[in-house]
Each structure stands twice: as C-alpha cells, then as structure tokens.
Amino acid sequence: MNILIVMADQMAAAALPIYAKAPTRAPHLSDLAARGVVFDSAYCNSPLCAPSRASLMTGHLPSRIGAYDNAAAFGSDVPTVAHYLRAEGYRTVLSGKMHFSGPDQLHGFEERLTTDIYPADFGWTPDWDRPDDRPSWYHNMSSVTDAGRCVRTNQIDYNEEVVLAAERAIYDHARGDRSRPLCLVTSLTHPHDPFAIPDPWWSHYSPEEIELPRQELDPAAMTPHEWRLRRVCDMEGVHITPAHVRDARRAHYAAICYVDGQVGRLMGTLRATGLQDDTVVVVTSDHGEMLGERGLCTR
C-alpha cells in the first residue's frame, strides 16, 4: 500500500468535530474519520514543534534523543521511520515543514520537495541557565491581539506550494514507475499561529459561535513552567480581552477549515489517479493548541 501522511501544525484536537462538540466545519476530516480508525487516546510527547516531530520520526522520547527545544540538533545517526520504510522498498518523499534542526534536512526521506518554513540553524536556542529571561526572537502576544481576518499570509503562500508539490508527486507516481510504493508526507504550517486567516475561511464562522475558554487561570495552581511561558511570551505586559480570545479561536477554527480543504484536495488527487484504494491515509498533528485555556496559548 502507498502511504499518504498529512500533518497539520499545532491543531487542537478539541477543536475538531471528530473529538468534541465544536463549531469547526471539517467535512473531509470527518469523512476520513467515519471511514477509518480514530485514535482518541494518543498524545504527543512534547507540546513543541521540533521535539514532537523528532519524537514522532524516531519513536523515542525527546529526552532520549536530546530534543529539548526548537533548536536542538536532530542527529543523523538516529534511525527514523523514513529510513525503515526505505529499507522496506518505499519511495519516501517529504513536502512541507518538519522543523529539522541541523544540517540534515532529510533524515531518511529520499526526496524533499520544498524548503522548510522555519530556520534550520540554532538561533532559537534558549538560555536554560536564565529561564525567566525573555528572548527577543520568542513569540509575543501579538498573535492574539492582532488576531482576525487578513488579506494574505506567508503561511498560505507556503501551504499552497506544499500541497501543489504533493499533488505533483502523486501524479508522477501514478504515471511513472510504480514498482516501489510511495510514502508521501505532506506537512502544512496551519493552523499554527499567528491567528490570522483570509476569507472565505474567516467568514465560515460568526462571533456568536465561538465559545470562550472553559478553564480559567488560577495563578495559585500554576506550575513553574507555566509561569515561565507567561514571562517569555510577554503575557504579563498585555491586556487580553474576551474579544481578543474569541477572534484568536475563530481564526484557529478557520485555519482548520483551510487544512480540511487541503486534505480534500489531496484526496481528490488520489481519486483522480486511481490510487485511493491503494493508499493508506493518515492525518495527524505535531501537537495541539491551548486556545486560551488556563490563560495560555501553546507556543
């Protein structure tokens, strides 16, 4: 069987109609869930992009492979699922983001069709000896305070390149040498913040549909790590209103609609090429998003 893995970035499971009562419109994801297997007790090993992806690729805990942050070097000596699949005869192809830190940008993939959207160097290394210091390059709350409708984002530009390259890979496989099965990873950068999304996706929702967080902030119950996140994201210096939170959540839901549309686009390509019955489709995300629960956004 061919394998198509579609990876979203920072997609909240609780925002999906597959898992919870949510206003999100995701017909293609819902159709896949109805016809397939839904994992409702699976958890990522780190709520951070690079460590979670390294863990997913290797099957190891982040602590075992030293993947502690978004600038931790991912060693080429660690076998990945892509290496194993190639050894079994698969043609392994990557289109999109994987947030590999270091010189190796393949890690077992035979072909990489796009660049990454994030840097591969070590400029995002935090100083763990000074955990309370706010790095100048780190997120701030502008993703929330500026949330809403926009004309265009670099994320949309990037994702369109990713999906177009993935479609071409499927067409090439269908009309080329099919003696080796295809494993194609298509990794989008949505619905990761900033919480900005163009129409028509933004207009899929009305403000009245967007619920506010259910778990309020309890400073007395916060862990040291939660306090650190608040400081490095500059949460203490910004007044976040319910309107800000509602707009951020609305944009996240709208970005999930966008992701759903890209899944539908790829499924249509499989149907058009006659590969739908020969392909296992997996949809996942590197980690979730707090969306204001406990007063936090996932970074």
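In this predicted model, a search of the whole structure finds three cavities of 30 Å³ or more. The largest cavity has a volume of about 70 Å³. It is lined by 13 residues, of which Ala 50, Ala 54, Ala 67, Ala 72 and Phe 74 are the closest to its centre. Helix α2, which spans residues 49-58, gives the most to this lining, with three residues. Sorted by class, the lining of the largest cavity consists of nine nonpolar, three polar and one charged residues.

The second largest cavity has a volume of about 60 Å³. Its lining is formed by Asn 2, Ile 3, Leu 4, Ile 170, His 173, Leu 182, Leu 184, Leu 270, Leu 275 and Thr 279. Two or more of the lining residues come from each of β1 (2-8), α6 (154-175) and β5 (182-187). Strand β1 provides the largest share, three residues. By class, seven residues of the lining of the second largest cavity are nonpolar and three are polar, while no charged residues are present.

The strands β1 and β5 also belong to an open sheet of five strands, in the order β3-β2-β5-β1-β7. The pairing in this sheet is parallel. In general, strands of a sheet pair through backbone hydrogen bonds, in either a parallel or an antiparallel manner. The edge strands here are β3 (111-112) and β7 (279-285), each of which pairs on one side only. Strand β2, residues 91-96, pairs with β3 in the parallel sense over two bridges. Within this pairing, Val 93 has Glu 111 of β3 as its bridge partner. Helix α8 packs on the sheet and touches β1, β5 and β7. The direction of α8 makes about 165° with that of β1.

Helix α8 (residues 242-272) also packs with helix α1 (residues 27-35). The angle between these two helices is about 60°, and their axes lie 7 Å apart. On the α1 side, the contact is made by Pro 27, His 28, Leu 29, Leu 32 and Arg 35. On the α8 side, the residues in contact are Asp 260, Gly 261, Val 263, Gly 264 and Met 267. By class, the contact of α1 with α8 comprises five nonpolar, three polar and two charged residues.

How values were computed: Residues are numbered from 1 along each chain as its sequence is written. This is a predicted model: local features need pLDDT of at least 70, side-chain atom pairs count only at pLDDT 80 or more; totals for chains, interfaces and linings use all residues. Side-chain values use heavy atoms; hydrogens and water are left out. On a 1 Å grid over the protein atoms alone, a cavity is a set of points where a 1.4 Å probe fits but cannot get out, and a pocket is an open set with protein on both sides within 12 Å along at least five of seven lines; lining residues have an atom within 4 Å of a point. Grid points are joined across faces, edges and corners, and a volume is the space filled by probe spheres set on the points. Helices (H or I, at least four residues) and strands (E, at least two) are DSSP runs, numbered from the N terminus. Ala, Val, Leu, Ile, Met, Phe, Trp, Tyr, Cys and Pro count as nonpolar, Asp, Glu, Lys and Arg as charged, and the others, Gly among them, as polar. Axes are lines fitted to C-alpha atoms, for helices over the stretch in contact, and angles run from 0 to 180 degrees between N-to-C directions. Contact means heavy atoms within 4.5 Å. Two strands pair if DSSP finds at least two bridges between them.
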